Amino acid sequence: MEKEEISGYRHQALDALRKAGARVGDKVKVEREGEAVEGILMPRTQLGDPNYLVLKLASGYNIGVKVNGRAKVEVVESKARPPGAPPFAPPEEKPDLPLVEVIGTGGTIVSRVEYRTGAVYPALSTEDLYRAVPEISSIARVRARVLFSLLSENVYPPHWEKMAEAVAEALEEGAAGVIVAHGTDTMGYTAAALSFALQDLPAPVILVGSQRSSDRPSSDAALNLMAAVRAAAYGPFAEVGVAMHEWVSDEAVVIHRGTKVRKCHTSRRDAFKTVNASPLARVSDGKLTMLASEGFRPRNPTGKVRVKPRFDPKVALVKFHPGFNPEVIDWYVDRKYRGIILEGTGLGHVARLCYSHLRRALDEGLFVGMTSQCLWGEVRMTVYEVGRELSALGVVPLGDMLPETALVKAMWAFGQVSEKEEVQRLMLTNLAGELSSRILL
Amino acid sequence: MDVDYRELGTKVGIEIHRQLDTQYKLFCNCPTHLTREEAETIFLRRLRPTASELWEVDTAALFEFQKGLTILYEADPKTCCLVEMDEEPPHDLNPEAVDIALQAAFLLKAKPVEEIHVMRKIVIDGSNTCGFQRTCVVALGGEVEVEGRRIPLQAISLEEDAARKMEARGDRVVYRLDRLGIPLIEVATAPAMTTPREAESAALAIGRALRGTGKVKRGLGSIRQDLNISIRRGALIEVKGVQELGLISKVVENEVRRQLGLLKIKEELESRGLKAEELVFAPVDVTSLFQASKSTVIRRALASGGRVLALALPKLAGLLGWELGPNLRFGTELADRAKFFGGVGGLFHTDELPGYGITPQEVEALKAQLGLSPLDAAVLVADRAERAEKALEAVVERVKEALQGVPEETRTARPDGSTRYMRPRPGSARLYPETDIPPILITPERLERLKAVLPPSPEQLAARLMERFSINRKLAEQLVDSDYLSLFEKVAAEGRISPSFVATALTETMKSLERKAVPVDSLSDEQLYGAFTLIGEGKAAKEIFLELVEEMAAAGVSPEQALERLGVRMLSMEELAAVVDKQVKEHPELLAEKPEKALGRLMKMVMSQVRGKADPKTVAGLLREKLEDRHSSSRNT
């Protein structure tokens, strides 16, 4: 506990604080060489210089104050206990509105700021959602539950399995749609995973995130969440989608198909793009418009979801590049990987010096699929000799499937069937819109 | 008005904000100048207040949100990147700006902090795309000396300038992103000034120190001053946006007068025995009385489906018309609240009626319907019913506050030195760490390096100017206090024009143009330099510097264009020689005079004809030649 209370401090600063019995939130006075600074002790990031205290001055500003051997720290006033949260009357639910379940997995779609320390807390109870974005209560009845609290880079295939099961459970309990709140970095992978793991979906499953954290007034979270609730409650489609800003304006949110979406920008609100297809739908001005040019799987209220949640993580995504050392392929073979998805150049190529290594992989029974690092367009391994040679070796062209989607799909396929031929058949079958039959301009 | 400000317990604090002339903005690599180009991108945002750990929301922030503000941002790629659009995290805090702020700290005897922490200050009126302004304290303490008194400073900070408001209409506001992120230095004094004059002098002293860094921008909008003003038994009033130094004392005077007036109203209300319970929000729909009204305000409201709502204010008769300052009555205070909270255009009160198209008969009918006694007053609002109601509710609140004296509020300064209601005072400022930017250590080595290249003090600077350019002390001091010091040095160092002339032009001439309300602030250093170059190259006469600058500023043209527009150009040597010849021939009598006297008189005559078109030195030279010619030829004959 004590560790918590002086979190982040090390070395001389920690010693000085221990000696003074100071804790984060206490008002302290630091005296050095006849000068004194007073302020509330703030937590310190682990990476900062260890010999500084962070103090919040009476003006509200923070500054760093150096503590050396001669500095004297004393507690002026112990941390005042924050008063309890004021009573909150949740907005009245309208019983005739559809029920939407929100499953929290991480990210900060809703959060609260502790101005005293600057800490940002995720907030994901039903009440929290209603408080932060009261508008959603006029769209649907919302139930929230927290499944994980993960930064999205820590989401691994076992988490996909749990998410798929949680979504299925919510649907079976009568939700008109399900929302998964997710950190954006790997949201595209999770969307693909749920697209394959949730078969025969009766209703929309919408992943939602924010590119600007919800602790800032300009966050995109609220608009994305409102659109996600609308899509989950009323969308005429029964697919996995990702709800994010269409552009940098707070006007429209698009729902991207889970197998066709990719995060294409590190920071913009419209970082998510549908590749090689049109998005599923757009939500703007409180209205949802379908956009899917290739059609969509319709909502089916009487249908029942089949959960196929197993993923085998022994599949690798390998990006070819000039200077690529093909021994990388051997490494995976030696470690008994079952599949390799290549991210080749252009129409689906790798250097000839990879051939022998690929031959070995194929001989050992691995599935090797080809995608393109161009992302836009499909692989076509009949145009150049290299392509034809790779095909002849047994490398399987995967059409316009996104490399990440192909990876997730192969992990899923190996979770379902064990024969390589079966996996290959699944990989080439369009299960959730991951393969386009036509690519339009 | 003869007021003993110290006796009244007047306390004034100042925050001075000044744009820094850095190469880049505070948190990205965009340039720090504004643009007049068309916006290439316009995007829309809505800002919502963020909840604190207690789910409390800042009052001012919530208020803006409830107004349902739609914010449009105009961006162009020359002055704005993804950072200003809040589409990319901020880059590192601009080290050039930090260095300037640290030098200002030395000049103001403040103590630099050892580690800078960038904070977010919640502002959701749209002036910042993030919904907060990034700001950090760079130094603490410090002082300036004003009339022998030491005025302590509180802090020196760096912050990002806000986006430029282009247009506000109803619930829609348009901002330009070029200004967003330009570094601002902020110097805040303690509330230690006790008179209007002291406040103005303190601002002058701080401004001098900031200018001393040689790195502050000049011109319109590059400097803004906020004041905190209170008197004993009054309240702390924050006045935002005093643009001119010369306005500070006037704003303080007016605010003290306003607070005294409000205290008087409080006394009057007490003597009339008004109790808060008597002030009830009970609006009465009096639309039927005004069906045939001649008032355009009422007719327009009724035509668009609005109503006329009235509210009785017991025991307030006569008080609504009380003057609180120039163009400011107690009724104005009520109207400002009504406008702000109800979004209405304004209100009528019985102290000003009949009038504005409202007839005595209508007033009588109104008084009858509300059952007003002669001691009572009433206010009227004509607008959509729900707006009118909100407006009247705000009026009741304001009158209740009058029973307490002076309500704390944020006011905005007007160009005439008066102030008007702007918004409620924000709660304790919402400041929390900007987690995207790690703390910045200020090393002793950096401080040493900056101290070594510390710019000279104003006194040293003036002495140096006197020595180098042989100008008098008065001019040197004026230059140091002006924004044109570096321009002066550049022009004077070229040696084509006398330094005294350049100094006078940049101080007294510019000031006289300012007094004539010529927008000299809009002139760039390049434009002014161009004007001096024309003079230096003999293409324009010194005598027309004032007209030249006036024309440049008024018409927004280059020096060459201004010269052409003025229709003056220098005479060629032949033309000038012809004028001189003619004068000499026409006045043969002068040849009898002593040569020096003849020269003086001829000089006057010639110059009266060619002023602005010829350099007096050239004229004198020509005259001398001519006179010598004449003398020698007359001797020969």
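Predicted model: local features only at pLDDT ≥ 70, side-chain atom pairs only at ≥ 80, totals over all residues.
In chain B, which has 637 residues, the secondary structure consists of 19 helices and 24 strands. The C-alpha trace of this chain extends over about 110 × 70 × 55 Å along its principal axes, and its accessible surface amounts to about 28700 Å², with 50% of that area belonging to carbon and sulfur atoms. Buried residues account for 53% of the chain. When contacts in chain B between residues at least 6 apart in sequence are considered, 74% of them join residues at least 24 apart.

The domain assignment divides chain B into domain 1 (11–31 + 38–236), domain 2 (273–405), domain 3 (468–557) and domain 4 (573–636). Between the C-alpha centres of domain 3 and domain 4 of chain B there is a distance of 31 Å. For chain A, the assignment gives domain 1 (2–77), domain 2 (99–307) and domain 3 (315–428). The C-alpha centres of domain 2 and domain 3 of chain A are separated by 31 Å, and the contact between these two domains draws on 15 residues from domain 2 and 12 residues from domain 3.

Two open sheets of chain B can be described strand by strand. One of them is built from 4 strands in the order β2-β3-β11-β10, with mixed pairing. Its edge strands are β2 (41–45) and β10 (164–169), each of which pairs on one side only. On average, neighbouring strands of this sheet are turned by 20 degrees against each other, when direction is ignored. At one end of the order, β10(B) pairs with β11 (residues 172–176) of chain B in the antiparallel sense over 5 bridges, and within this pairing Lys165(B) stands opposite Tyr175(B) in β11(B).

The other open sheet also consists of 4 strands, here in the order β15-β16-β20-β19 of chain B, and its pairing is antiparallel. Strands β15 and β19 (348–349) of chain B stand at the edges with a single partner strand each, so one side of each is left without a neighbour in the sheet. Strand β16 (residues 307–313) of chain B has 5 of its 7 residues buried, and it is therefore largely enclosed by the rest of the structure. The antiparallel pairing of β15 (residues 284–285) with β16(B) rests on 2 bridges, in which Val284(B) has Ala310(B) in β16(B) as its bridge partner. Strand β16(B) is also joined to β20 (residues 377–383) of chain B, by 7 bridges and again in the antiparallel sense. Along this pairing, the bridge partner of Val308(B) is Ala382(B) in β20(B), while Leu313(B) stands opposite Ala377(B) in β20(B).

In chain A, helix α2 (residues 11–20) has Ala13(A), Leu14(A), Ala16(A) and Leu17(A) as its buried residues. These residues lie on the same side of α2(A), because they cover an arc of only 165 degrees around the axis. After the helix comes Gly21(A), which has a positive phi near 70 degrees.

Two residues in loops of chain A are also buried. Arg212(A), located in the loop between β12 (205–208) and α6 (221–234) of chain A, counts as buried because its relative accessibility is 5%, below the 20% cut-off. Apart from its neighbours within four places in sequence, Arg212(A) is in contact with Ser218(A), Ser219(A), Asp220(A), Ser267(A) and Arg269(A) in chain A, and with Asp86(B), Glu87(B), Glu88(B) and Pro89(B) in chain B.

Leu366(A) belongs to the loop between α8 (355–363) and β22 (367–372) of chain A, and with a relative accessible area of 3% this residue is buried. Leaving aside neighbours within four places in sequence, Leu366(A) is in contact with Val333(A), Tyr337(A), Arg338(A), Gly339(A), Ile340(A), Ala361(A) and Lys420(A). Although Lys420(A) is 54 residues away from Leu366(A) along the chain, the C-alpha atoms of the two residues are separated by 7.3 Å.

Notes:
Residues numbered from 1 in each chain as written. Chains lettered and ligands numbered in written order. Heavy atoms only, no water. Domains from an automatic or database assignment. Buried < 20%, exposed > 50% of the residue type's maximum accessible area, 1.4 Å probe, protein only. Arc of directions from axis to C-beta. Pairing = 2+ DSSP bridges. Axes fitted to C-alpha atoms, helices over the stretch in contact; angles between N-to-C directions. Contact = heavy atoms within 4.5 Å. Areas by Shrake-Rupley, 256 points an atom, 1.4 Å probe, with all protein chains shown as cover.
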